[in-house]
Amino acid sequence: MPSYKTSLYSLFLIVACSCFIISPVSANVHEPQQYLIFEKIVPEGNSTFGIIEDIQQDSSGFIWIAAKDGLFRYDGIVFKSYISDRKYNKSISNNVITDLFCDSKGRLWIGTENGLNLYNEEYDQFTRFISNPEDSTTISANHIVRMAED
């Protein structure tokens, strides 16, 4: 039969070892929890983007959102929308945006269902590239699906 001192000593060793093993885990319990906080951001008027096709961040830090209902730029505070205007050839060529691409020169390319567009940040306008079957120097098709750099 074990003695009272032996049993007490064994119990002390078990408790001491348990505290040593558990202490790194229990130390985290007392540290403050860090949570991610998400905030819903929407264009003006609390409208929605509709179906989003792509999201890109350009070389200036703007977030661009390509949607079936238009092109949106977010600067961290305010959204700006870009709408096609047939009378103004420096507007985006179509409101159905299919793809966004930032090239190695930091330029933003926008693919639509009716042409390719290059954003000019200095003037906040676009250069349109539209297919013309009679001109072999134009793009081959207007419906842009995806872009990549060669």
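These legends go with close-up views of a few strands and one aspartate. This is a predicted model, where local features need pLDDT of at least 70, side-chain atom pairs count only at pLDDT 80 or more, and totals for chains, interfaces and linings use all residues. Residues are numbered from 1 along each chain as its sequence is written, and side-chain values use heavy atoms, with hydrogens and water left out.

**View 1. Aspartate 99 sits in strand E5, residues 97–102.** Strands here are DSSP runs of at least two residues, numbered from the N terminus. Aspartate 99 counts as buried because its relative accessibility is 4%; the cut-off for buried is under 20% relative accessible area, with a 1.4 Å probe and protein chains only. Its side chain gets to 2.7 Å from the backbone nitrogen of methionine 147. Setting aside residues up to four places away in sequence, aspartate 99 touches Asp54, Trp109, Ile110, Gly111, Val145, Arg146 and Met147 (contact: heavy atoms within 4.5 Å).

**View 2. E5 and E6 pair up antiparallel, over five bridges.** Pairing takes at least two DSSP bridges between two strands. Look for leucine 100, whose bridge partner in E6 is isoleucine 110. The hairpin has five residues between the strands, and glycine 106 takes a positive phi near 85 degrees there.

**View 3. Strand E6, residues 108–112, is mostly covered.** Five of its five residues are buried. Leu108, Ile110 and Thr112 point one way, while Trp109 and Gly111 point the other.

**View 4. E6 also pairs with strand E7, residues 115–120.** This pairing is antiparallel, over four bridges, and tryptophan 109 has leucine 118 as its bridge partner in E7. Two residues lie between E6 and E7 in their hairpin.

Conventions. Buried means under 20% relative accessible area, exposed over 50%, partly exposed in between (1.4 Å probe, protein chains only). A polar contact is a pair of N or O atoms within 3.5 Å; within protein, one must be able to donate a hydrogen and the other to accept it, and residues adjacent in sequence count only if both atoms are side-chain atoms.
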